[in-house]
Amino acid sequence: MTTIALITGANKGIGFETARLLAATGMTVLIGARDTDRGKNATARLAAEGADARFVPLDVTDAESIAGAAADIDAEFGRLDVLVNNAGITGGLDGDGKPSSTAVSTVREVFETNVFGVVAVTNAMLPLLRRAEAARIVNVSSEVGSFGMMMDPDSPMWPVAAIAYPSSKTALTMVTGMYAKELWDTPIKVNAANPGYCATDLNGHNGFRTAAQGAEVSVRLATLPADGPTGQLWGYRWGGAGKDEYGVLPW
Ligand code: NAP
């Protein structure tokens with residue numbers, strides 16, 4: 001039976017590369033995108049490479065869009081094996097970007113996509129995920145959501161003092177842990193991914209890793225074996241000479 005994977009925000013960046021890599025393992029990939037043209041173009045590019053890719057209109061901040069996507073997946077496949085909650089925004093920087101310069105509206109906008117969107121999509125897809133043999137949920141979080149890294153003066157994250165994006169990812173990591181606990185006694189695994197700093201539109205292509213390298217983290221968590229972990233923040237570990245490149249990140 002083909003594995004069915006939905007990736008949100010899959011029209012570009014890490015989400016697109018995640019879809020490409022999952023398709024290469026033989027999965028049917030559902031390309032979630034909020035813009036029809038961008039979604040269809042990305043789907044066509046993957047299909048041209050031989051992927052079984054289907055476009056799914058999906059704006060993670062729009063309840064109707066989410067319900068429509070769940071209904072379409074139910075009608076077509078009756079289940080969902082993999083959900084990668086990848087769509088995310090930074091919200092940009094207000095003024096000098098410091099917490100005291102940040103408008104509440106910016107924080108709210110970022111949480112709408114990065115946190116509330118994930119909860120809404122996950123809750124809509126859970127009935128389908130429960131019908132799969134052993135579903136995997138991957139929430140694409142970040143090291144900037146890690147207290148351990150952001151509050152350590154020796155960490156490369158220490159100079160970052162912004163609130164909207166980092167606190168949204170902290171919330172997302174906790175959300176991940178809570179779903180993992182709810183689903184602890186099921187075959188479903190729920191983990192948060194840290195792709196590392198990847199060159200994408202999100203950061204003006206300043207990252208030192210490629211989107212494909214970031215996507216490998218999501219793919220690993222989307223294809224965990226039955227004895228794999230749940231409720232972890234796992235991925236690229238930046239800044240530790242002598243540390244493993246990949247592993248569990250501190251909360
Ligand atoms: P990106 O290239 O800007 O891609 C973001 C994707 O999210 C786009 O497809 C975008 O669609 C989509 N999106 C945004 N809002 C959406 C909404 N309301 N509904 C549906 N899709 C929406 O950024 P990226 O770097 O690949 O980011 C992917 C994920 O990785 C994000 O969660 C980000 O926070 C996380 N991450 C990135 C880095 C990094 O260094 N790049 C590091 C850690 C974590 P549009 O094209 O329509 O805007």
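Let me start with Phe208, which has 42% relative accessibility and so counts as partly exposed. Keep in mind that this is a predicted model.

Next, the partner. Tyr197 is also in the partly exposed class, at 29% relative accessibility. By the pairing rule used here, the count of aromatic pairs comes to seven. Tyr197 and Phe208 make one of them, an edge-to-face pair with 5.8 Å centre to centre and 80 degrees between the planes. Both residues sit in the loop between strand E6 (189–194) and helix H7 (211–222), so the contact ties together parts that are 11 residues apart in sequence.

Now a second pair. Tyr236 and Tyr246 are edge-to-face, with centres 6.0 Å apart and 75 degrees between the planes. Tyr236 belongs to strand E7, residues 233–236, and Tyr246 to strand E8, residues 246–248; the pair links parts of the chain that are 10 residues apart.

Which of these two tyrosines is buried? Tyr236 is, at 11% relative accessibility, because the cut-off for buried is under 20%. Tyr246, at 27%, counts as partly exposed.

Tyr236 has a further neighbour. Arg209 lies over the face of the Tyr236 ring, at 4.1 Å from the ring centre.

To put the two pairs in context: Tyr197, Phe208, Tyr236 and Tyr246 are among the members of one aromatic cluster, which also includes Trp234 and Trp238. On the screen, I would go from the loop residues Tyr197 and Phe208 to the strand residues Tyr236 and Tyr246, and then to Arg209 over the face of Tyr236.

Notes:
Residues numbered from 1 in each chain as written. Predicted model: local features only at pLDDT ≥ 70, side-chain atom pairs only at ≥ 80, totals over all residues. Heavy atoms only, no water. Phe/Tyr/Trp six-rings, centres within 6.5 Å; stacked < 30°, edge-to-face > 60°. Helix = DSSP H or I, 4+ residues; strand = E, 2+ residues; numbered from the N terminus. Buried < 20%, exposed > 50% of the residue type's maximum accessible area, 1.4 Å probe, protein only. Lys NZ or Arg CZ within 6 Å of the ring centre and 35° of its normal.
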